[in-house]
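Here is a short report on one protein model.

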Amino acid sequence: MPRRAAPLLLLLLLTALVQGAVSSDANATGDAPGGSGGPGEPKGTFGLRLLDAPVVRRDDPRAYTSVVDHLNPGATIERRVEVANKSPNPLRVSLYAAAASIKNGKFTFAAGRSKNELSEWTSLDRPVLTLPPESRETARFRIQVPRWASRGERYAVIWAEAASSGKGNIKLVNRVGTRLYLDVGPGGEPPSAFRIEKLTPARSPEGKPQLTAQVRNTGERALEMSGKLWLSKGPAGLSAGPYLVARGTTLAPGDTGSVSVALDDKLPNGPWKAKLTLASGRVRETATATVSFPSPGMWGASIAPDIANFRQWPPLLSWGLAAMTAILAALGVRRLKWRRARRRS
């Protein structure tokens, strides 16, 4: 081979590797570029959708986009997913389970088809689907927990993967996925809970205000945070909102992370009465505080929220108050009986 051809061959190999990398999206359900059209033909999309939710979770929004379940060792569940070819071309889609984890407040996907315990326990009845143009197909997956499985929560993803053709041997691989959050252990499902610990106002160097909340997962299940922010009692009695919380924060049990809300550029500094409601599935908490936004490029002081929700109080305090109420009620009844007995005598 001529010496001048070697660098060119190396460049082509590197280009193929870069363009052949996998593009992933597993916010639960979604679309990805797909199709098998050649140059000049529309690329189209393909999508993945979870079809089943357990009856006990019909009121849990997460159950319609992710598998959020609890199983005893030795138990098995089955779910269905739908793969849609939204392009005018035939599409070959691979279905498989791969490992995932939660790191630094993010649901993290393992590279390629890397395995962990949960993905090893998961099997699909149709690993490969060939979809005609503008069509949909259904596949079933099974999660079978071995009897020797230890207690704890595990994470994985059901991926739908397709490769679109390019020039020569270059291909772009895309995949969309459904997240799996599976808790294993004897007895019932462990509780989900969180606490909003502090609120911090800030402005970007360009002057855009934002409010960041520090959240601690105090339960035993992973959380996917969402929510809304309202502002009231501002300058001249102004109100604003609701503003949506930026999605993407996922907290493992015991983790602490932050969620943020971007606000209008022209929002006055305040002070404002802020009301932040955060949720993960069926678990919801609300915090209120008086906040003022700083100058551009600055962070304001962190503020401990008001106690806006009885469920945010530590359980020991709640039990203590309940016990104190019961004792005072018993003493009141006893004192009333003593007074009646004294009058009769």
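Is R136 buried or exposed? R136 is exposed, at a relative accessible area of 52%. Exposed means over 50% relative accessible area, buried under 20%, and partly exposed in between (1.4 Å probe, protein chains only).

## Basis

This is a predicted model: local features need pLDDT of at least 70, side-chain atom pairs count only at pLDDT 80 or more, and totals for chains, interfaces and linings use all residues. Residues are numbered from 1 along each chain as its sequence is written, and side-chain values use heavy atoms, with hydrogens and water left out.

## Salt bridges across the sequence

The whole structure holds 19 salt bridges. The criterion is a side-chain nitrogen of Lys or Arg within 4 Å of a carboxyl oxygen of Asp or Glu. R136 takes part in one of them, with E82, at 3.0 Å from N to O. E82 sits in strand β5 and R136 in strand β10 (residues 135-144), so the bridge ties together parts 54 residues apart in sequence. Strands (E, at least two residues) are DSSP runs, numbered from the N terminus. E82 counts as buried because its relative accessibility is 13%.

D52 pairs with R80, with the closest N and O atoms 2.9 Å apart. D52 is in the loop between β3 (45-50) and β4 (67-71), while R80 is in strand β5 (residues 76-85); they are 28 residues apart. D52 is buried, at 18%. R80 is partly exposed, at 30%.

E224 and R62 form another bridge, at 3.2 Å from N to O. It links E224 in strand β15 (residues 223-224) to R62 in the loop between β3 and β4, 162 residues apart. Both E224 and R62 are buried. Elsewhere, salt bridges link R57, D60, E153, E189 and R221 in a network.

## An open sheet

Four strands form an open sheet in the order β17-β16-β20-β21, with antiparallel pairing. Its edge strands, β17 (240-244) and β21 (283-291), each pair on one side only. Neighbouring strands are turned by 15° against each other on average, direction ignored. The axes behind such angles are lines fitted to C-alpha atoms, and angles run from 0 to 180 degrees between N-to-C directions.

Two strands pair if DSSP finds at least two bridges between them. Strand β16 (residues 226-232) and β17 run antiparallel and are joined by 3 bridges. L231 stands opposite A240 in β17.

## A buried arginine

R179 lies in strand β12 (residues 171-184). R179 counts as buried because its relative accessibility is 7%.
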